[in-house]
Amino acid sequence: MKKNLIAFAFSAFLLSCGSTPKTEEKSFIDENIDFARAQIGNEIGVIEASGKCLNPVTLKTDSSVYYCGYADWRSGFFPGSVWYLYELTGDETLLPLAAKYTDAIEEAKNLTWHHDIGFIINCSFGNGLRLAGTPSYKDVMVQAAKSLSTRFRPAAGIIQSWDVERGWQSERGWECPVIIDNMMNLELMFEATRLSGDSSFYKIAVSHADRTMQEHFRPDGSCYHVIDYSIKDGKVRHRQTAQGYADESIWSRGQAWAIYGYAVCYRETKDRKYLDQALKTFNMMKELKNMPEDLIPYWDMSAPNIPNEPRDVSTASCIASALYEISTMDVPDAASYKTYADNIMVALASPAYRAALGTNGNFLLMHSVGSIPHNSEIDVPLNYADYYYLEALKRKRDIEKEIF
């Protein structure tokens with residue numbers, strides 16, 4: 001019965017994709033929603049035709065789509081994008097599809113060997129709970145927070161990011177590496193406290209945010225990628241990078257994670273120091289002399305061959321989304337943050353970065369960078385760039401509805 005319902009919904013979705021009447025001139029928001037609906041609709045068509053529950057991430061070197069399993073840190077972004085597409089379009093035929101893709105990664109709630117449970121579960125089940133209110137999603141969220149809590153290291157007061165017993169991480173000599181990306185997983189912990197009443201999740205999140213603020217940032221507001229702590233006494237052993245150009249360089253996506261993550265911490269705690277940190281890091285990026293005119297950062301703002309370095313659209317979309325939220329907070333000249341985000345979105349929606357319909361493996365945006373030091377995912381689409389782009393579009397629409 002469930003399969004029949006999904007098949008019916010998918011058929012209705014395909015029909016509805018072509019039913020939107022054309023208007024002489026659409027607003028920026030409406031035109032981008034229509035494009036996302038059509039492009040993601042194409043990908044949904046590929047997935048449903050396969051008879052499998054595929055989870056698109058990026059393009060491989062042969063231009064075919066790479067699909068991931070539930071344990072991949074990026075597995076929550078495509079389900080989350082379908083939830084956002086439902087929210088942006090109001091198309092009820094997307095609901096069973098969003099639920100199907102979300103339910104397929106439920107087992108991630110039990111992962112304890114890496115830190116990205118927040119990315120995986122909050123983006124998918126979190127949006128599903130918010131939009132559909134599915135009762136079982138609450139239990140998934142709380143269990144995921146319990147799993148993430150097992151990575152809390154009391155001596156350092158942080159959540160350990162990577163295990164170091166295997167893979168390339170084992171070759172770096174680290175004991176307890178923490179990456180700035182981990183700030184993005186704290187939203188799950190705050191939400192789990194709300195859902196369960198268990199304040200231990202909140203306390204872990206605050207402890208992690210505080211120690212990260214103390215150790216990750218340079219005086220100018222830029223942040224390191226990796227801080228390695230001692231498991232025994234919690235002291236800092238190394239300050240390094242994994243995905244940036246150099247240990248002391250400004251790896252762009254790391255700055256985006258910091259801006260977004262500390263904006264979330266301020267939202268959840270109302271502690272002004274977190275907002276101040278988000279603003280300091282953003283202003284550092286904004287004031288860099290080599291920031292391109294279109295505001296789409298290079299993959300690392302200290303890379304040696306600027307302006308002939310790859311751009312990173314995933315950084316831009318994440319910063320835009322964070323700035324829209326910051327513009328709703330108690331900050332001086334709040335409108336300026338929205339204006340900056342608007343300018344990023346105009347660039348992202350241009351032919352320079354937004355794919356033509358039916359191309360780019362049916363991803364929305366082109367020109368993101370995964371990890372140049374690992375020679376991985378260079379100048380390709382990435383599903384998290386699309387996710388934060390849709391989130392930014394949703395936040396922009398919400399703000400402008402209130403204004404106008």
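**Close-up views of the model**

View 1. Trp 162 and Trp 174 are both buried, where buried means under 20% relative accessible area, exposed over 50% and partly exposed in between, using a 1.4 Å probe and protein chains only. This is a predicted model, so local features need pLDDT of at least 70 and side-chain atom pairs count only at pLDDT 80 or more, while totals for chains, interfaces and linings use all residues. Residues are numbered from 1 along each chain as its sequence is written, and side-chain values use heavy atoms, leaving out hydrogens and water. Rings of Phe, Tyr and Trp (its six-membered ring) pair if their centres lie within 6.5 Å; planes under 30 degrees apart are stacked, over 60 edge-to-face, and the rest tilted. That rule gives 21 aromatic pairs. Take Phe 78 and Tyr 101: their ring centres are 5.5 Å apart and the planes sit at 45°, so this pair is tilted. It links distant parts of the chain, 23 residues apart, with Phe 78 in helix H3 (residues 77-89) and Tyr 101 in helix H4 (residues 95-103). Helices (H or I, at least four residues) and strands (E, at least two) are DSSP runs, numbered from the N terminus. Phe 78 is buried at 7% relative accessible area, and Tyr 101 is buried too, at 2%. Back to Trp 162 and Trp 174: they make a stacked pair, 5.9 Å centre to centre with 25° between the planes. Both sit in the loop between strand S4 (158-159) and S5, twelve residues apart.

**View 2. Inside the nonpolar cores.** A nonpolar core is a set of buried Ala, Val, Leu, Ile, Met, Phe, Trp, Tyr and Cys residues joined through side-chain atoms within 4.5 Å. The largest one has 116 residues, and those with the most contacts inside it include Ile 121, Trp 257 and Tyr 388. Helix H9 (residues 252-269) is its top contributor, giving ten residues. Leaving aside neighbours within four places in sequence, Tyr 388 is in contact (heavy atoms within 4.5 Å) with residues including Phe 77, Phe 119, Trp 257 and Tyr 260.

**View 3. A three-stranded sheet.** Here is an open sheet in the order S5-S6-S7, paired antiparallel; two strands pair if DSSP finds at least two bridges between them. S5 (176-179) and S7 (236-240) are the edge strands with a single partner each, so one side of each has no neighbour in the sheet. From one strand to the next, the twist averages 20°, with axes as lines fitted to C-alpha atoms (for helices, over the stretch in contact) and angles running from 0 to 180 degrees between N-to-C directions. In S5, Cys 176 and Val 178 point one way, Pro 177 and Ile 179 the other, and all are buried. Four bridges join S5 to S6; Cys 176 has Tyr 229 as its bridge partner. Another four bridges join S6 (residues 226-229) to S7, where Asp 228 partners His 238. Helix H8 (residues 199-216) packs on the sheet and touches S5, S6 and S7, its direction making about 105° with that of S6.

**View 4. Helix H6, end to end.** The 15 residues of H6 (residues 135-149) should span 21 Å, and the end C-alpha atoms are 22 Å apart, which agrees. The expected span is 1.5 Å times one less than the number of residues. Buried residues in H6 include Tyr 137, Val 140, Met 141 and Leu 148.
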